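Let's take a walk through this protein together.

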Amino acid sequence: MHHDFPAFPLDQLALRGEADAPALNIKGNTYSFKELNSRVSRLATILRGSGLQPGDRVATWLSKTEIACLMPLAAARAELVHVPANPLLKAAQVEHILSDSGAKLLITNKARAEQLDDAAAQIIDEKALVADIDAATEELPPLPDGFDTDKLAAILYTSGSTGRPKGVMLSHANLSLGAVSVAQYLKLAADDVTLAVLPLSFDYGQNQLLSAWQAGGCAVPLDYLMPRDVIKACGKYGVTTLAAVPPLWVQLVEQEWSAEASATMRRLTNSGGALTPSLVKDLRGIFGGKTDIYAMYGLTEAFRSTYLDPALIDDNPTSMGTAIPFAEIMVVTADGKLAGAGEEGELVHAGPLVAQGYWQDSERTEQRFKPAPEFSEYGGSAVYSGDTVRRDADGLLYFVGRDDAMIKTSGNRVSPTEVEEVAVESGFVAEACVLGRKDERLGAAIILFARAEPGVEDAAEKLAGYLKTALPNFMQPAEIIWLDEFPRNANGKLDRNGLAETL
């Protein structure tokens, strides 16, 4: 079945707002849409002039600087493929990304450049590049409407649950439709101010810019050290939209929020892990009913799959909702049929947000990207997520667990998520992570890592008692390991691999 989707060349996002309206507020500079478009054009001209051909890869290894914000659009306008490396990665990981992507050019700063032994790419200093943009007069015009939006625009490297990062190939259509979809369901408007705290190398983080611009609104990128910095920025810039991952929300609700910091907030968005009922309650306590809370589920291979209508979150705090615009979400049983209400199956995502596969990795691509099931309405290529979900009778989806994370213990399949949720709901635990540890007798033993809720005394004793009444025997942790702080990965999510290594 053929659907027409309103895809457009990615660089046209610089043309979405009123010419004089603020588009980017960065480190004390505010650029209007007219200025944003002009700076994107000048950067695109400079990139083109550095001997690159259409389709060449250009990498960035930067914190949230002006260049990092302009590059998704400027690379697109120059018909290049942007490869952003997360600023928290170590030199060896960045060298892998550069060699794997075959990037011809790396834009970074002096301190980072000095850490690289063998970059295999020409290195451009970011400061010098900003000076070149300021001085440039030649501007590359926007890509025309007839441009082939299936062309590659970016390769985003995901940390993946195993092994070296792998590059997910995203087209102009993937990214432009992702911006339209999110701006639409979040109801973003031209007077919205989005505080971009997530890494821009992360699809959720990059989309903070793209969806804000699609709506004609303003993005305020922030590199924060402490949760307090996020709260201060909300007050200072009159922020209306804040996106985060669960570990950051946990830190944010433990802080005092000034009335000024919460006053303008229209919406909070969460992805990269589930919200818990207690977290939703804590956010309500800070922001009241005037702020919409959006629970979302995504995977880099298809960007974003579902969101929960904020009107439903208080009654269904653990649901991941229903399909976002331009996504078809199916629950498929092990024998390839459409799952019935309440039946568990794999989440399969079809439609124009599905990425083009893994860069130069046909084997992994074939495992994850397959033809959509026969009953699919959209057809075409689909992403088989490896996540087990179920759809309730009312159509809402619930995450059960990652297939490769399920713990098989004494003949039972246990979802780590379920045990984590129960631990946090006890009120004695601020954060929890559950992993399996090889065990002769059980196959795998359940290990619970926990950080105590601040101010709770005898948390270990209280939690053990609570879990005995709340969980069946086969789901009881064999051991509870208490941590003062959880390790985080480069995208700010809990670092399960890091914890697994300690076992």
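F326 counts as buried because its relative accessibility is 14%, and buried means under 20% relative accessible area, exposed over 50% and partly exposed in between, using a 1.4 Å probe and protein chains only. You'll find F326 in the loop between β15 (319–323) and β16 (328–332). (Helices, H or I of at least four residues, and strands, E of at least two, are DSSP runs numbered from the N terminus.) The phi of F326 is near 75 degrees, a positive value in a residue other than glycine.

Before going on, keep in mind that this is a predicted model, where local features need pLDDT of at least 70 and side-chain atom pairs count only at pLDDT 80 or more, while totals for chains, interfaces and linings use all residues. Residues are numbered from 1 along each chain as its sequence is written, and side-chain values use heavy atoms, with hydrogens and water left out.

Now hop over to D458, which isn't a glycine either but has a positive phi of about 55 degrees. D458 sits in the loop between β24 (443–452) and α14 (459–470). Is D458 buried or exposed? With a relative accessible area of 53%, D458 is exposed.

On to the cysteines. A disulfide is a covalent bond between the sulfur atoms of two cysteines; here, the rule is a pair of cysteine sulfur atoms within 2.5 Å. That rule gives a count of 0 disulfides. C234 is in no disulfide either, with the nearest cysteine sulfur, that of C218, 14 Å away. C69 is buried at a relative accessible area of 0%, and C234 is buried at 0% too.

The structure holds 2 cavities of 30 Å³ or more. A cavity is a set of points on a 1 Å grid over the protein atoms alone where a 1.4 Å probe fits but cannot get out, and lining residues have an atom within 4 Å of a point. The largest cavity has about 110 Å³ of space. Its lining has 14 residues, with L186, N207, Q208, S211 and A243 nearest the centre. α7 (203–214) gives the largest share of that lining, 5 residues.

The second largest cavity has a volume of about 80 Å³. Here α7 again supplies the largest share of the lining, 4 residues. Among the residues lining this second cavity are L170, N207 and F303.

Terms used: On a 1 Å grid over the protein atoms alone, a cavity is a set of points where a 1.4 Å probe fits but cannot get out, and a pocket is an open set with protein on both sides within 12 Å along at least five of seven lines; lining residues have an atom within 4 Å of a point. Grid points are joined across faces, edges and corners, and a volume is the space filled by probe spheres set on the points.
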